[in-house]
Amino acid sequence: GLLVPSEVITSSSVYKMIEEKEDCTLVITKVTSEYEGEYSCTATNRFGQTTCTTYLEVKSVDVSQAEKWVEKMFKVTGQPPTFSVQIQPLRCSEGTEVLFNYKVSGDPIPDVNWYKGAFQIQPNRTRIISSNPDGSGCLKLKTVKQEDSGMYMCKASNKFGEASCSAELAVVKETVVVSKQEQVTVVQQKGYKVSVTEQATESRLYQVSLPGQDRTRSDQMSLELAHQGVYLCKASNSVGTATFTTELWVVDKPSFVKPFDQVSAAVNDPVRLECQVNEDIGVTITWTRDGKKVHQSMDCKLSFEDKLAVVEIPKAKLKDSGKYVCTATNEAGSSSCEALVMVQVHVIHFCPKPLCFTWKQGIAARLQCSVKGSPELHIHWFWDEHELNEGEKYKMSLKNGVAILEILNLVVADSGRYSCEVSNNAGSDSCSTLVAVKGLSSVGFILVLQILFTFFLLKPNKSVCIPEPARIVEPAASISVTAGESATLECTISGSPELKVKWFRDGKEMTSGRKHKLTVKDKTASMKILTAEKSDSADYKIQVSNKVGKDECTCSLTVLGSWSCFISNSALILIDDGHMIHSCCLFYLPCCFLLISPSNLIL
């Protein structure tokens with residue numbers, strides 16, 4: 001406490017006491033002779049007290065006759081400073097920007113200094129002081145914190161006198177507005193009465209924390225959509241009232257009103273996954289495949305518009321198969337839906353021209369064909385367009401990619417056209433042959449007819465190879481690389497030997513050499529450019545062929561330019577493929593680099 005010989009000093013319109021950390025200051029707003037005397041400052045805690053004393057002497061100004069004569073002779077005139085606009089008390093939240101505005105007059109124009117408590121404020125990045133020729137000015141405080149609270153004084157002075165004005169800044173924590181199942185919090189500052197009301201109906205959604213107390217008094221409820229609206233906070237004390245409003249949004253986690261279904265597709269077919277959520281404001285969509293995040297690319301397009309989340313794959317590949325999960329997330333939580341995507345290879349077989357085979361009556365015959373394709377394969381046998389069922393007459397099986405039909409005790413009536421149809425989710429295919437049964441023979445034998453879609457056709461005492469036409473199973477993808485890197489284009493092929501692979505650029509056939517390496521390994525044809533250049537950007541055609549067929553596909557290669565830079569004599573030099581493309585002036589600032597090009601553009 002501060003004391004004079006006869007009284008204890010308390011804050012009033014004359015005295016202002018300011019405490020900042022370990023500093024205590026007494027300000028006397030207007031000094032007259034009656035305030036002269038000895039002043040003591042006493043600090044007390046539970047361990048004791050300490051006191052310091054000083055003496056205030058008030059002197060009166062005596063203007064001598066000589067000074068009056070000089071003033072009269074030289075007509076020294078002017079006006080002391082006067083504030084026409086004084087700074088005002090402010091209350092704000094942490095992180096906001098504060099302005100103390102003033103306007104002062106005087107002749108000559110007064111010098112203005114700012115103080116916080118007893119300490120003069122020096123300008124810096126967060127404390128900006130400005131003044132104008134008309135006498136107006138301001139103190140700007142950026143991103144204020146609670147420790148910026150206190151008494152601020154603006155002091156103007158010239159040779160004819162001085163004037164000052166003061167105002168208090170109170171910085172409080174910002175009101176917290178949270179999502180569903182949490183509470184709105186209003187922090188009460190010491191000496192303020194805090195109340196929360198809703199614009200439309202009374203509500204008690206608040207939590208009041210009292211400084212200096214361990215316990216918290218609260219009146220809490222779970223938020224519902226009905227609580228959404230505009231809230232008013234009113235704070236008052238003996239000297240005034242302050243209010244602010246805030247809008248409360250109650251959000252719930254998003255949900256899927258239309259999930260996507262399981263999809264089956266063949267290689268190179270388009271695939272589209274589409275699901276719909278009930279809300280899109282503040283919602284983020286994430287796609288994963290087998291636990292790995294799916295990213296936007298030329299081969300996979302992602303979109304989220306009008307509450308509709310979509311994945312589009314223009315040309316499906318085997319690697320696109322898997323479990324896809326779509327997750328919608330906002331501040332309140334997240335929801336997911338999932339489904340399987342199966343990309344399959346079409347059933348592949350190559351059928352020979354229809355043949356007619358002659359068998360003897362009474363024997364057992366076996367029709368056998370090899371097939372391949374993505375599981376699950378379904379086999380059906382037909383005789384003259386009538387489907388055959390397994391029983392005493394017919395035995396059917398599928399083992400290791402080989403479909404077998406056994407016909408027991410052949411009779412003449414078994415003659416006709418026999419067909420084998422194989423299918424999966426990606427498609428179907430079939431082949432057929434003619435069978436003729438002649439009269440009974442005492443010699444029993446088994447005639448094995450192998451219709452190989454991809455391998456061999458076997459007949460008694462004869463082996464015939466049925467070739468598979470050359471085919472591109474998975475075309476080469478278009479790619480982009482940076483100059484100086486290697487570039488590889490490759491595709492998956494199939495067909496009976498001998499397969500011939502040719503690469504073309506701009507209609508001209510390419511050959512292996514120092515620059516290009518052409519290889520075929522494990523049904524994969526590839527072309528590798530060891531060191532790519534911009535001139536290698538072009539469309540490339542791959543052609544695969546054998547004696548019974550030919551197939552081809554096209555892809556493109558884009559080679560991007562490379563660049564580098566270095567600093568020389570305060571200049572930044574940009575180099576593209578060995579050629580200087582830009583020279584810029586380089587300026588060093590405290591927080592950044594400023595690049596000025598010859599055309600005065602800021603890079």
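What follows is a chat about ring pairs and charged side chains in a predicted model.

Reader: Hi! How many aromatic pairs turn up in the whole structure?
Author: Hello! The search finds five aromatic pairs. One of them joins Tyr 15 and Tyr 35, with 5.9 Å from centre to centre.

Reader: What is the angle between the planes of Tyr 15 and Tyr 35?
Author: The planes stand at 90 degrees, and the pair is edge-to-face.

Reader: And where do those two tyrosines lie?
Author: Tyr 15 is in strand β3 (residues 15–20), while Tyr 35 is in the loop between β4 (23–28) and β5 (37–45), so the contact ties together parts 20 residues apart in sequence.

Reader: Is Tyr 15 buried or exposed?
Author: Tyr 15 counts as buried, at 10% relative accessibility. Tyr 35 is buried too, with a relative accessible area of 17%.

Reader: Nice. Why is the pair of Phe 83 and Tyr 102 called edge-to-face?
Author: Because the planes of Phe 83 and Tyr 102 are at 75 degrees, and over 60 counts as edge-to-face. Their ring centres are 6.2 Å apart.

Reader: Which strands does that pair tie together?
Author: Phe 83 belongs to strand β7 (residues 79–85) and Tyr 102 to strand β9 (residues 98–107), so the linked parts are 19 residues apart in sequence. Phe 83 is buried at 12% relative accessible area, and Tyr 102 is buried at 3%.

Reader: Which residues make up the cluster of linked rings?
Author: Ring pairs link Phe 83 and Tyr 102 with Trp 114.

Reader: Switching to charges: what lies over the face of Phe 504?
Author: That would be Lys 541, at 5.2 Å from the ring centre.

Reader: How many salt bridges are there?
Author: The count comes to twelve salt bridges. Among them is Glu 338 with Lys 323, where the closest N and O atoms are 4.0 Å apart. Glu 338 lies in strand β30 (residues 333–344) and Lys 323 in strand β29 (residues 322–330), so this bridge ties together parts 15 residues apart in sequence.

Reader: What about Arg 505, which partners does it meet?
Author: Arg 505 meets Asp 506 in a salt bridge at 3.7 Å, N to O, and Asp 536 in another at 3.8 Å. Asp 536 sits in the loop between β48 (524–529) and β49 (538–546) and Arg 505 in strand β45 (residues 500–505), so that bridge ties together parts 31 residues apart in sequence.

Reader: Are those two aspartates buried or exposed?
Author: Asp 536 is buried, with a relative accessible area of 2%, whereas Asp 506 counts as exposed at 59% relative accessibility.

Methods. Residues are numbered from 1 along each chain as its sequence is written. This is a predicted model: local features need pLDDT of at least 70, side-chain atom pairs count only at pLDDT 80 or more; totals for chains, interfaces and linings use all residues. Side-chain values use heavy atoms; hydrogens and water are left out. Rings of Phe, Tyr and Trp (its six-membered ring) pair if their centres lie within 6.5 Å; planes under 30 degrees apart count as stacked, over 60 as edge-to-face and the rest as tilted. Helices (H or I, at least four residues) and strands (E, at least two) are DSSP runs, numbered from the N terminus. Buried means under 20% relative accessible area, exposed over 50%, partly exposed in between (1.4 Å probe, protein chains only). A charge sits over a ring if NZ of Lys or CZ of Arg is within 6 Å of the ring centre and within 35 degrees of the ring normal. A salt bridge is a side-chain nitrogen of Lys or Arg within 4 Å of a carboxyl oxygen of Asp or Glu.
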